[in-house]
Every structure is written in C-alpha cells, then in structure tokens.
Amino acid sequence: MPGRNEVAYFGAGPAPLPTEVLMKGAEAFVNFQNSGLSLVEISHRSQTANQILADTKAALTTLLNIPDSHDILFMHGGGSGEFSAVVHNMVAVWVERRRREAEKDLGQDSSKIVER
C-alpha cells in the first residue's frame, strides 16, 4: 500500500486533509480532551458540545472576517439539505407574495381569503 505522501488525489469530492489533521481528529474520536469519551459520544446538549460550537463560530468569524450583522448556522444534511432549504425558502417567498396579493384584492378581512 502506498504511503499518504505518494498518492496524488484529483477527485471531485472533499480534498485530502494533512496527516497531522487526521491524526488529531483520530485522537479526539477516541478520547476527546482526555475526557475518556469519544467526540461522538459527548451529548449534543452538554457544555462541552456548546463550547465546541462557540469555539468553531469564533474561529470561522475570525478566519472569514464575518461581520457581527451575520450569523453562522450549523446545519445537518450537507449539500442536499442546503439545496432543499433553498427550494423551501423560494416557495415560502412565493406563498407570502400570493397572501399579500389576496389580502390586497379582498381587503384586510382575512376570513374572506379562507372562504375563497
């Protein structure tokens, strides 16, 4: 088997990470910060998990120079989830426009909107 330094990866997916990063991740996966628990065994409601998120937000804010007027969201679903969220938001905008148009056509009495 070739060593990591002998492999040239040109795939379309995620880029290979430096070996040092993988080793640090592997260590956290087995025993996160000498807690005796794996990173994936820690409760998502724990202070440790909240601190991980806070530290990550702070690092991203600094690294990407994100202004205070913006927020960082941690969402599950990857790219598929993001694409679904876009469609959901576009439909929500369309529904709101139609609601306003109906309200304008029928007046402020929202009970008439339901009757139609």
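**Conventions.** I number residues from 1 along each chain as its sequence is written. Local features in this predicted model need pLDDT of at least 70, side-chain atom pairs count only at pLDDT 80 or more, and totals for chains, interfaces and linings use all residues, while side-chain values use heavy atoms, with hydrogens and water left out.

**Helix H3.** I took helices as DSSP runs (H or I, at least four residues; strands are E, at least two), numbered from the N terminus. H3 covers residues 78-106, which is 29 residues. I computed the expected span as 1.5 Å times one less than the number of residues. That gives 42 Å for H3, and the end C-alpha atoms are 42 Å apart, so the two agree. Just after H3, I noted that glycine 107 has a positive phi of about 90 degrees.

**Salt bridges.** I counted a salt bridge where a side-chain nitrogen of Lys or Arg lies within 4 Å of a carboxyl oxygen of Asp or Glu. By this rule I found five salt bridges. For accessibility, I called a residue buried under 20% relative accessible area, exposed over 50%, and partly exposed in between (1.4 Å probe, protein chains only).

- Glutamate 96 pairs with arginine 99, with the closest N and O atoms 2.6 Å apart. Both lie in H3, three residues apart, about one turn of the helix. Glutamate 96 is partly exposed at 27%, and arginine 99 is partly exposed at 36%.
- Arginine 99 also meets glutamate 103 in a salt bridge, at 3.2 Å from N to O. They are four residues apart in H3, so about one helical turn separates them.
- Glutamate 101 pairs with arginine 98, the closest N and O atoms being 2.4 Å apart. Glutamate 101 is partly exposed at 39%, as is arginine 98 at 41%.

I then looked for linked bridges: Glu96, Arg99, Arg100 and Glu103 form a network.

**Helix H1 and the surface.** Glutamate 27 is in H1 and counts as exposed because its relative accessibility is 56%. I checked its C-alpha against that of lysine 104, 77 residues away along the chain, and got 61 Å. Phenylalanine 29 is also in H1, which runs over residues 19-30. Phe29, Val30, Leu39 and Val40 make a nonpolar surface patch of about 400 Å². Patches take residues with over 30% relative accessible area and no salt bridge, joining like charges within 9 Å and nonpolar side chains (Val, Leu, Ile, Met, Phe, Trp, Tyr) within 5 Å. Accessible areas are from the Shrake-Rupley method with a 1.4 Å probe; for residues, only the protein chains shown count as cover.
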